[in-house]
Structure formats: structure tokens, C-alpha cells
Amino acid sequence: MNFFCCAIRTDGGPVPHAWRAALAATAIRHGLERRDIDRPGCWGYAASDAGCEPIASSASTRTAIGTMRLDADTRRAISRSDVESVLACWPTDRISINELHGEFAVVLHDAATRNTTALRDALGVHPLYYRLMPGGIAFASRADVLASGDDDYDMSYLSAFLAGCAHDADASAFASVFSVPAGHFVRFSDDRLTVHRWWSAEQFVDAVPRPVNEAVAEFRGRFARAVRSRIAPDAGATWSELSGGLDSSSVVSMASQLAHNGLAPHALGGTVTLVDRHGTGGDERRFVDAVTAAHRVPNTQLFDDARADDDDDPPPLTDQPTASYLAYPRDRRLARAVRRGGGSVLLSGYGSDHYLGGSAIFLADLAARGRLGAAIREATRWAVVGRVSAWSMLWHNVAVPMMPGALVRRVLGASRVPPWIRPTVVRALNLDAHGLVTLAAGGPIGRKYISDVLRALDGMPDVLALHAVIQDTVEERHPFLDRALVELSLGFPPEICAQPCARKWVLREAMRG
């Protein structure tokens with residue numbers, strides 16, 4: 001387990017012992033050693049026993065505490081650590097934060113000016129929460145660190161979770177604990193808190209069109225840099241998930257080729273695969289074997305079994321509810337297998353589904369722009385290749401997305417919340433309007449496709465939270481969430497990603513050979 005927290009006093013005085021005791025309770029409960037940092041007006045600590053180790057450092061009147069990994073070109077020497085880089089450049093506005101490429105959740109405090117800035121990376125890879133205190137504020141990477149014993153739960157958040165609906169980006173399971181949304185930073189000064197956005201996916205969606213071959217080549221180059229920058233400098237430390245699917249296979253293949261060409265410091269130490277023991281069609285070992293044979297990378301295979309062993313540790317105490325909680329025994333076995341093999345970093349294939357998936361909802365945009373004939377022809381082509389009904393393609397990807405939201409909820413019963421949630425709760429929290437199916441069909445007429453992509457990216461922090469148990473043992477890194485790669489891909493027209501039975505087309509083309 002690893003996390004950090006810090007408390008800031010508005011008047012610059014010592015942080016009260018009562019605050020310290022309350023904030024340190026989580027570390028004590030889990031038996032973790034703390035590395036405290038005590039500065040004028042600021043106290044905090046970093047606690048870890050594995051995974052991405054938080055940092056706490058200070059220089060002159062400035063203090064930085066948090067979790068971060070900045071992108072670096074591994075072919076050149078790095079003169080200072082990531083935290084020292086942040087202390088040197090002191091990014092506290094949109095422009096300077098934008099210069100930080102990587103993943104981070106960091107709190108910066110200047111005792112001289114009594115100003116505090118807390119920043120979270122563009123796609124929300126690392127969590128960051130805050131709570132206002134009497135005469136100050138506290139930040140932490142776990143929501144439960146900030147929750148006091150008499151806190152009420154946030155029933156809106158929990159109801160949305162149980163109903164499978166979207167929740168507010170700044171909400172947490174605790175009523176008085178708030179999340180810093182992805183791509184945002186928080187300023188706290190003179191007892192005044194303001195939240196600002198420093199990165200938005202929407203600003204990259206209207207890129208200048210380019211020839212397809214140039215788009216594929218640029219994507220390949222940025223993907224190579226994304227993989228290279230996430231390989232740890234120590235031999236054998238970096239492993240990768242390998243499901244046999246397109247995403248993880250691309251990560252493993254690219255990492256192996258970079259090492260073969262001398263463009264990465266080391267080859268992968270190994271790969272790990274979850275094997276379907278139940279014969280449900282999810283057994284992709286023949287694809288896994290093809291990848292490992294081509295690149296001669298070790299592979300550890302584990303049965304995808306969610307049952308806990310009799311001698312296993314008790315269930316983990318996650319700070320937020322997660323849909324993957326019942327799979328914690330499986331995730332623990334996966335993370336421990338990486339650790340036993342000498343790995344401390346695990347590359348994942350997560351992320352590309354959210355912006356490269358290529359939904360056929362672009363057909364609604366064609367129809368909205370007066371190109372109904374083109375929409376019908378394209379729907380027919382998808383139907384023939386996919387061996388489905390053309391009418392079904394048009395219904396789900398043209399007719400339904402063009403309906404008003406209320407009509408969508410009436411037509412698509414699947415978009416409604418579960419019937420066991422009381423109607424009074426559904427109405428009070430407007431859960432029907434926040435159903436994922438309803439949201440998928442939302443967005444302005446003529447911009448359904450890109451609205452679907454932006455909605456998916458907004459939900460990325462919730463997807464990453466599914467891996468909380470893994471992150472407590474190894475550090476997961478996500479090449480497909482490289483900001484430069486995402487920004488490039490957001491400007492692609494639908495046909496670069498969306499092809500019948502060949503979604504993520506640009507990735508397939510980039511990985512040829």
C-alpha cells in the first residue's frame with residue numbers, strides 16, 4: 001500500500017496535533033512506516049511498502065509532496081529526480097503545469113507566500129482528494145485518510161455507483177471529501193479555495209486533416225515514445241500485462257522492438273497473463289503464445305479465478321467502492337507474480353478503448369449533416385462485414401442518438417437504473433439522466449462521435465480505480481494514456497479508428513511489421 005497526505009494551516013502556524021493524529025490514523029492502522037515532513041504551516045507524510053512510492057521534499061520555503069512520474073527520454077541522462085524538477089520549475093499556473101508530461105498528484109506549498117497549489121495529471125492516473133478544515137485544508141491520495149469517524153457518506157455518489165450511473169467529477173464516497181478532477185488544479189490561499197482546469201481533451205478534437213499515411217506514422221512514433229518513457233531504468237523491473245488482445249500485445253511488441261533496436265534501456269522482465277479456466281471463449285493463449293514466441297519474452301500464466309485462498313490475507317480496505325472488488329484475490333495473485341519475478345512496474349493496455357474504440361455512432365453525425373445516403377451506405381457496409389442487420393445498425397447508431405434524452409430512456413429500458421433502487425431516490429438524484437446508455441447517446445446533434453469519446457475519457461479515473469489492489473503492490477503504467485498520444489488521436493476523423501470488425505484501425509496499421 002502507498003499513499004500520502006498533508007495538512008496546511010492558513011495562518012502559517014504549526015499544524016495542530018489533533019489534525020496530525022487523525023490524518024496519520026490510516027497509516028498506523030495498516031502498519032506502514034511514515035516519512036514525515038514538517039515545515040512552517042505545512043505537515044504531511046508519505047507512506048508506502050510497494051508500488052509507486054510517494055515523495056516528500058522541500059527546498060528553501062517550498063515543499064512538494066505527492067506521487068509523480070514525469071516522462072523522460074531514457075537515452076539521455078536525467079540530472080535530477082522528478083520531485084526536484086517540480087521544486088525547480090514550481091508549476092502553479094496553466095502554462096507551467098502544461099509543461100509537465102507524465103502522471104502526477106502533487107501538493108505544492110510555499111511558506112513565504114502561504115499559497116498552496118494541488119495539481120492532478122490530465123487523465124487522472126493518480127488520485128488526489130481534499131477536505132476543508134477549520135483554518136486550513138488537507139490533501140491526500142486516499143479519500144478515507146481525510147474522512148473523520150463521524151462523516152456521513154455521500155449518498156448521491158453511492159447511489160450513482162450502485163445504479164451504474166456517472167457521478168460528479170469532484171465527488172467521493174464521503175460527503176466532506178472532494179476529488180480534484182483530472183486535468184485540474186486547486187489553489188488555496190487566505191482560506192479561499194478555487195478550482196481551475198489546466199487541460200481539456202476538447203481543445204484537440206478539431207485538428208487539421210492530414211494524409212492517412214502521415215497520421216499512422218505519427219501515431220506509431222508517439223506510441224513508441226509513450227512505451228519507452230514508461231520502461232524503468234533497472235533491468236528486469238518492467239513487466240507487462242499480456243491478454244492476447246490488440247492493446248497489450250501492441251505494448252509488449254513495441255517494448256520488445258525498442259529494446260532490440262537499442263532505443264530502450266532494457267527489455268521487458270516478463271509478461272503476465274490471466275487464463276480463463278471456464279472455457280467461456282476468453283482463452284486467448286494462442287495469441288499470447290504467438291507474441292511471446294515472436295519476441296522471446298517470458299510469460300507467467302495465472303488462472304482468472306476470483307476465489308480467495310484459505311491462507312490469503314483479509315480483503316483489502318479500498319477507500320472508494322470499485323466494481324472489481326470481488327476480483328481482489330485474482331488481482332493480488334497477478335501483482336505478486338510480478339513481484340516474485342523481480343518486477344516493480346507493470347505496463348497495461350488500458351486506455352485505447354476510450355479514444356480509439358471507433359464507435360459507429362459517427363453515422364448519426366453523417367445523417368445530421370445532411371448525408372443520409374452516406375450514412376445508409378456505411379451502415380450497410382458495416383452490417384455486411386459484421387453479419388448483422390443494416391436496420392439494427394441504423395436504429396442504434398442513427399435513430400436512437402438523434403432522439404431527445406427523455407425518449408431514449410423510454411425506448412431503451414436497459415438505460416434505466418435497477419428496479420430495486422427506490423423511485424424517490426431515482427428522482428431526487430436524477431439517476432435516469434446519468435445512466436451510461438443515456439449518456440452514450442447524448443451530445444450535440446452532429447457531434448455525437450466526439451462527444452462519446454470525450455465522455456469516455458472523462459470516465460477514465462473510474463476505470464483506473466478498478467486496479468486499486470494491483471497498485472498497492474506494483475506500479476501500473478499506461479502507455480495509451482500518454483498525453484501526447486491522446487492529443488494526437490483526438491484529432492483523427494472517425495474512419496481512422498472506426499472500421500467494421502477492425503476498430504482501432506490506426507493502431508492496427510501502426511503495428512504492421
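Helices here are DSSP runs of H or I with at least four residues, and strands are E runs of at least two, both numbered from the N terminus. A helix's expected span is 1.5 Å times one less than its number of residues. This is a predicted model, where local features need pLDDT of at least 70, side-chain atom pairs count only at pLDDT 80 or more, and totals for chains, interfaces and linings use all residues. Numbering runs from 1 along each chain as its sequence is written, and side-chain values use heavy atoms, with hydrogens and water left out.

**View 1. Helix 9 and what it packs against.** Helix 9 (residues 328-340) has 13 residues and reaches 18 Å from first C-alpha to last, close to the 18 Å expected at 1.5 Å a residue. Its buried residues (under 20% relative accessible area, 1.4 Å probe, protein chains only; exposed is over 50%, partly exposed in between) include Y328, P329 and L334. They pack against strands 13, 14, 15 and 16, plus helix 19. Next comes G342, with a positive phi near 95°.

View 2. V288, V291 and T292 are the buried residues of helix 8 (residues 285-295). They sit on the same side because they cover an arc of only 95° around the axis, taken from the directions from the helix axis to the C-beta atoms. Turned away from that side are the exposed R286, A293 and A294.

**View 3. F219 in the largest nonpolar core.** Such a core is a set of buried Ala, Val, Leu, Ile, Met, Phe, Trp, Tyr and Cys residues joined through side-chain atoms within 4.5 Å. Of its 80 residues, F104, F219 and F223 touch the most other members. Helix 6 (residues 212-229) gives the largest share, six residues.

How values were computed. Contact = heavy atoms within 4.5 Å.
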